[in-house]
Amino acid sequence: MSTMQERQIQDILIEELMIPSEKVAHVQLNNPLEHALLVLVKSGYAAVPVLDSSYKLAGIIGKTAILNEILGLERFEIEKLSEMRVHEVMKSDIPRLTKKENLVDGLNAVINHAFACVVDEEGHFDGIFTRRAILKELKKEIYTKSYKK
Ligand code: AMP
């Protein structure tokens, strides 16, 4: 890749491509698993961010983790959905980005994850950055470059 192309990609900031927090479905640390599963099934998302009561990012929770948690030896132990809370099942070791990081930082963050959460300096949740956003941007780059040729 040429220096020119690299500079252009590094000039694109996460804040330009992220989905802002007000448009992101989320759950809270103390919600029962049942609520999280309802949000996930109704939204159609595989995983959503988990926030604390001051809107700081705590982790993410996904359908697979919930289903694994309630899976017993011979049946799904459905009662666990109301007994257990989101903080008991969520994953907190997740990639985090800030608004002022760039597309290359975003690309690294989503290689092993479908999305990365965006936070401010204090850890407050600002939004998410998805693989879809990267792919759309790359598609734009490729089309622009080939039309110029
Ligand atoms: P996408 O790249 O659009 O398929 O999104 C990848 C993942 O990001 C989804 O499976 C969800 O886990 C998450 N996601 C995308 N958009 C939202 C949203 N508006 N609210 C919550 N999670 C989202």
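**Ligand contacts and nonpolar cores**

Author: In this predicted model, an oxygen atom of the ligand is 2.5 Å from a polar backbone atom of Ala47. Local features need pLDDT of at least 70, and side-chain atom pairs count only at pLDDT 80 or more, while totals for chains, interfaces and linings use all residues. Residues are numbered from 1 along each chain as its sequence is written, and side-chain values use heavy atoms, leaving out hydrogens and water.

Reader: How much of the ligand does the protein bury?

Author: Alone, the ligand exposes 480 Å², and the protein buries 83% of that. These areas come from the Shrake-Rupley method with a 1.4 Å probe.

Reader: Why is a set of residues called a nonpolar core?

Author: Its members are buried Ala, Val, Leu, Ile, Met, Phe, Trp, Tyr or Cys residues joined through side-chain atoms within 4.5 Å, where buried means under 20% relative accessible area (exposed is over 50%, partly exposed in between; 1.4 Å probe, protein chains only). The largest one has 17 residues, with Val27, Leu33 and Ile61 among those with the most contacts inside it. H3 gives the most to this core, 5 residues. Apart from it lies another core of 14 residues, including Ile12 and Leu97.

Key
Helix = DSSP H or I, 4+ residues; strand = E, 2+ residues; numbered from the N terminus. Polar contact = N/O pair within 3.5 Å; in protein donor to acceptor, adjacent residues only side chain to side chain.
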